[in-house]
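I opened the file to look up a few charged residues and then the pockets. My notes follow in the order in which I looked.

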Amino acid sequence: MNFEMSLLLWMCLSFVKVLSYEANWESLDSRALPEWYDESKIGIFIHWGVFSVPSYGPQSAWLWWYWESTRNGTYVNFISNNYTPSLAYGDLARQFDAELWNLDYWIDILSNSGAKYVVLTSKHHEGFTLWPSKVSWNWNAKDIGPKRDLLGDLAEAIRNKTDIHFGVYHSMYEWFHPLYLLDKSNKFKTQHFVFGKTLPELIELVTEYKPDVIWSDGDWEAPDTYWNSTEFLAWLYNESPVKDTVVVNDRWGSGIPCNHGGYYTCTDRYNPKTLQKHKFENAMTLDKNSWGYRRNIALSDFHTIEELITIMTETVSCGGNILINIGPTHDGRIIPIFEERLRQLGSWLQTNGEAIYGTRPWKAQNDTLTPGVWYTSKGSTVYTIVLNWPKKSVLNLGSLQLNSGDEVSMLGYPSPLSFESSGKIVSITFPALTPDIIASKWAWVLKVTKQNYRSNNIR
C-alpha cells in the first residue's frame, strides 16, 4: 500500500471514528439534532389503540390501569354498569375495528393542519401494537380487530402523498405483561421483558418502518440500564437505516427525562414560557385532559383555537416544538372538533407561518410592556406575534426599539404600518380591517425589518 492510499484509509477511519457514538450519555448527547426537526416546529400526536373502544374517563388511554390495578371508582363503575361481569380487557380488541377509517381523509386533515411531522402510538402501555409485531402475537392490529397494519398504512400514505415526516410513539413497558411483572418483582435485576419484548419491537419499528421520530415513553419505573437505552441509541445513531435523520426524545429511564436524550419533553404539556438552553417539545392535548378519545368530553374541555395558537406561540418563542395530540375513535374517525382545530391552525399558518417555521428565539421572548406579545426571529427579521388586538388599534411595545428607517408590516396585509418611538416605547398603529381585507384571524404577526441590523437572535 502506497503512502497516498495509507493516508486516505487513515482519513476515512478517522472520519468514521468521529461519527460513531458510544453507548454512554456523554457521547450520545453530543449528537446534533437533524436540522429538519428544529425547522419543523409543529407536529401532530395521534393516540389510538384498544383504549379507543371504551373511550371513557378523564384519562381514557389509562382505563385498563385504573380499572384493574388501582380500582379507581370512576372506571370500575363504568365497566360494571356497561359490560358483562366476565369482560376481560383483551375482549375489547375485537371492537377496535377501524371500520370507518378513511386514510385519504386523514391525510387531507394532516396536510392542511400545517404540521410538519406526525407521531402515531405504535404501542401504548396496554401493549397492543398497531403493526404486526413478531413479539406481540394475537395482540396486534393485524391479528385482531382491524386485521391490517395500521401503522404501515399510515406511514406509506404520509410518505407518498405529503412532505410530512413520520414518527412513532413507543411505550417501553406494558402494565400487565408477565415478563415485565417478573422483572419488576426482581427489582429489575433481570431483563426478560427488555430482550423478549422492548428491544425486539424497537428494532422492528426502525428496520421495517424507518421512522424519523422515536417518541419513547413508559420508562419511568426502571433505570436506563435496565432498558439498555444507551446501547439501543448507539445502534440507532451508528448503524440503523435512519441514523442520519432520526430524532428521539428524553424518556429512556428514570431520571433521564430533561437530562439526556435528543430533544427534551420533561413532563407532559411542558410549556416553560422562558427561553430554554436545550431543544424541547411541548407535547400537549387538544382535549385538555385526555390523550385518547373520550365520549364523555364536554365542549369546555377542548382548547379553543385562540388557546392553541397562544400555546404554540409561547412554545416556539422559547425555542421549542409543539406536538398537538388528537385521539381518533375506535372506528377510525377524527371527530369534527379535532378536525376543525387542525384546519383552523393550518389556515392561520398559511398567512403567518413564516413567523413560526424555521425561526429562532429572539433576544426577548415576550414583551416587557404589553402582555400577549411574543417574538421570534429569522436572520435580519423580527416577528412580533400579537395574541390580542390592541386597544384603540395602537400597540405599545417595550422590548422592540425602532428607528425611522425601519419597516413594519402585518403578514397578510398589503401596506406598511406606521409607528412612533418615544423613549424606549414604540407605538405601532394597526390597520382598519374590513371583510374584504382580512389580514388574519385569532392572532396577528408584525414583520419588522430593521435597517443596519445586528443579529440579536439566540442560537
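These entries cover salt bridges, one loop aspartate and a pocket.

**Entry 1: the model.** I note at the outset that this is a predicted model.

**Entry 2: salt bridges.** I then went to Glu174, which pairs with Lys123, their closest N and O atoms lying 2.9 Å apart. Glu174 sits in the loop between strand S3 (165-171) and helix H8 (178-185), while Lys123 belongs to strand S2 (residues 117-123). The two are 51 residues apart, and the pair links distant parts of the chain. I checked burial for this pair and found both Glu174 and Lys123 buried.

Glu174 has a salt bridge with Lys197 as well, with 2.7 Å between the closest N and O atoms. Lys197 is in helix H9 (residues 192-209) and Glu174 in the S3 to H8 loop, so this pair ties together parts that are 23 residues apart in sequence. I recorded Glu174 and Lys197 as buried, both of them.

**Entry 3: Asp406.** My next stop was the salt bridge between Asp406 and Lys450, where the closest N and O atoms are 3.2 Å apart. Asp406 lies in the loop between strand S10 (394-397) and strand S11 (407-410), and Lys450 in the segment after strand S14 (444-449), so the pair ties together parts 44 residues apart in sequence. Asp406 has 5% relative accessibility and therefore counts as buried, the cut-off being under 20%.

**Entry 4: a network.** I also listed a set of linked residues: Asp38, Glu39, Lys41, Lys279 and Arg360 are joined in a network of salt bridges.

**Entry 5: Asp331.** I asked where Asp331 lies. Asp331 is in the loop between strand S7 (320-326) and helix H13 (336-352). Is Asp331 buried or exposed? Asp331 counts as buried because its relative accessibility is 6%. Its side chain makes a polar contact with the side chain of Arg333, at 3.1 Å. Leaving aside neighbours within four places in sequence, I found Asp331 in contact with Asp97, Ala98, Glu99, Leu100 and Trp101.

**Entry 6: the largest pocket.** I read off a volume of about 450 Å³ for the largest pocket. Its lining has 24 residues, and those nearest the centre are Gln276, Lys277, His278, Lys279 and Gly319. Helix H2 (25-28) and helix H11 (229-238) each supply at least two lining residues. I sorted the lining by class and got 11 nonpolar, five polar and eight charged residues.

Technical notes: Residues numbered from 1 in each chain as written. Predicted model: local features only at pLDDT ≥ 70, side-chain atom pairs only at ≥ 80, totals over all residues. Heavy atoms only, no water. Helix = DSSP H or I, 4+ residues; strand = E, 2+ residues; numbered from the N terminus. Buried < 20%, exposed > 50% of the residue type's maximum accessible area, 1.4 Å probe, protein only. Polar contact = N/O pair within 3.5 Å; in protein donor to acceptor, adjacent residues only side chain to side chain. Contact = heavy atoms within 4.5 Å. Salt bridge = Lys/Arg side-chain N within 4 Å of Asp/Glu carboxyl O. 1 Å grid on protein atoms, 1.4 Å probe; cavity = no way out; pocket = protein on both sides within 12 Å on 5 of 7 lines; lining within 4 Å. Points joined across faces, edges and corners; volume = space filled by probe spheres on them. Nonpolar A, V, L, I, M, F, W, Y, C, P; charged D, E, K, R; others polar.
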